[in-house]
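Hi there,

Here is the structure I promised to pass on to you. Have a look at it first, and then read on for my notes on its strands.

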Amino acid sequence: MSHKVSIPFLLLVISGVCMFSLSGCKSDKKVIQQPPSLHVMTIIGSTVPSYLEMVGQAEGIPTVEIRARVEGYLENWSFQEGSVVQKGQVLFTIEKDQYVNNVNYTQADLTNKEATWEYTQLNVARLKPLVATNAISQNDYDVAVTQEKQAKAAVASAQANLRQSKLNLSYTTISSPIKGYIGAVDVRPGNLVGRGESTLLATVSAVDPIYVNFQMNETDYLSIVRWMAENEDKIVKRGEAPIKVYLTLSDNKEYSIAGDVDFIDRNVDPATGAIALRAVFANPKGIIKPGNFAKVKLILNETEDAVVIPQSTIQQIQDKYFVFVLDTANHVSRVPVILGQYIGNMVVVNKGLEPGARILLEGYQKIREGMPVTPVEVKDTINVPRPGE
């Protein structure tokens with residue numbers, strides 16, 4: 001007996017088998033997502049100098065005002081404004097004719113007074129034996145002695161007048177008492193100077209060495225004093241100034257020569273709680289001018305194996321700072337850190353990280369706590385330069 005199967009029924013069976021087979025295939029496939037590849041840096045530790053930073057201002061010491069000390073018309077000056085002048089270099093001349101005449105007059109007056117004194121000396125010598133024999137009266141002899149003393153005093157007065165007239169004549173030629181930069185001329189030739197006052201003509205400031213004045217608060221001062229006391233043996237052994245001072249000028253570039261503290265004021269200002277200090281720097285090329293402002297850094301010591309990382313790796317939530325690190329299984333964790341001083345585009349981590357820790361350098365927006373990462377190692381090449389290097 002034969003059975004006939006309808007075509008629609010066969011199609012239905014085949015369709016069901018295929019659907020079952022496809023659904024089975026789909027359920028057997030699993031999507032495997034690979035961990036993202038991100039750049040990671042292993043911290044090796046850096047040597048970081050510890051320092052205090054303040055603002056200072058340069059001062060030329062000494063700074064000398066060049067003034068006219070005698071009255072007269074200014075004839076000329078013999079230097080370029082703003083240039084370096086040498087000690088003893090002639091700067092200005094004042095019309096000197098009247099002072100030459102005064103020297104000649106006082107010289108002649110002295111010669112006259114000396115002649116008178118010589119005559120009175122001869123007169124006393126001539127009368128002295130006569131008074132012994134009563135050939136003249138004692139009164140006549142006493143008068144001659146008095147005249148001789150008066151003539152001697154007149155000579156001393158004339159000598160003083162001559163010295164003064166020569167001194168006044170020397171004041172008509174004005175020289176620089178120091179080597180340094182000279183500023184603009186305050187009085188032009190042809191003007192009368194020195195009448196009733198010592199007219200200011202120009203100002204000269206020594207610039208090599210140059211001095212920088214700055215202030216620090218009482219707390220910082222005490223930290224320096226304590227550090228010096230604790231490191232006295234090292235300081236003596238080193239044979240250098242206890243504290244080196246470095247400058248960063250207004251163009252944000254460091255001055256290449258270190259200085260030394262040469263003055264600490266005797267007291268803390270009760271009004272501000274600050275104490276004044278001064279540092280001295282060699283300035284052979286005259287780069288630093290009196291009045292320049294600069295950042296002053298006082299190096300105390302150096303910290304070995306300090307953790308220094310790029311600022312870009314720091315994440316901030318409100319007033320808290322974090323860094324993403326990888327554990328030994330390459331899983332991400334967020335570690336809170338306490339930051340120290342900023343050095344360029346780097347920052348010192350005082351607490352939270354140790355050398356050997358691996359920190360993420362990128363991908364902060366797409367990672368989460370506990371997420372696995374495929375690390376791409378980037379070498380730690382951070383080098384913290386010492387000031388002056």
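Over how many bridges do strand S8 and strand S10 pair? Strand S8 (residues 180–182) and strand S10 (residues 200–205) pair over two bridges, in the antiparallel sense. Within this pairing, Ile-182 has Val-204 in S10 as its bridge partner.

The model is predicted, so to speak of local features we need pLDDT of at least 70, and side-chain atom pairs count only at pLDDT 80 or more, while totals for chains, interfaces and linings use all residues. Residues are numbered from 1 along each chain as its sequence is written, and side-chain values use heavy atoms, with hydrogens and water left out. Strands are DSSP runs (E, at least two residues), numbered from the N terminus, and two of them pair if DSSP finds at least two bridges between them.

Now back to S8 and S10: they belong to an open sheet of four strands with antiparallel pairing, in the order S3-S10-S8-S5. S3 (63–67) and S5 (84–85) stand at the edges with a single partner strand each, so one side of each has no neighbour in the sheet.

A second open sheet of four strands, also antiparallel, runs S7-S6-S4-S9. Its edge strands are S7 (173–175) and S9 (192–193). S4 (residues 72–77) pairs with S9 over two bridges, and Tyr-73 has Leu-192 as its bridge partner there.

Finally, look at S14 (residues 274–281), which pairs with S11 (residues 210–217) over eight bridges and with S13 (residues 259–264) over four. Leu-277 in S14 is the bridge partner of Phe-214 and also stands opposite Ile-264.

Happy exploring!
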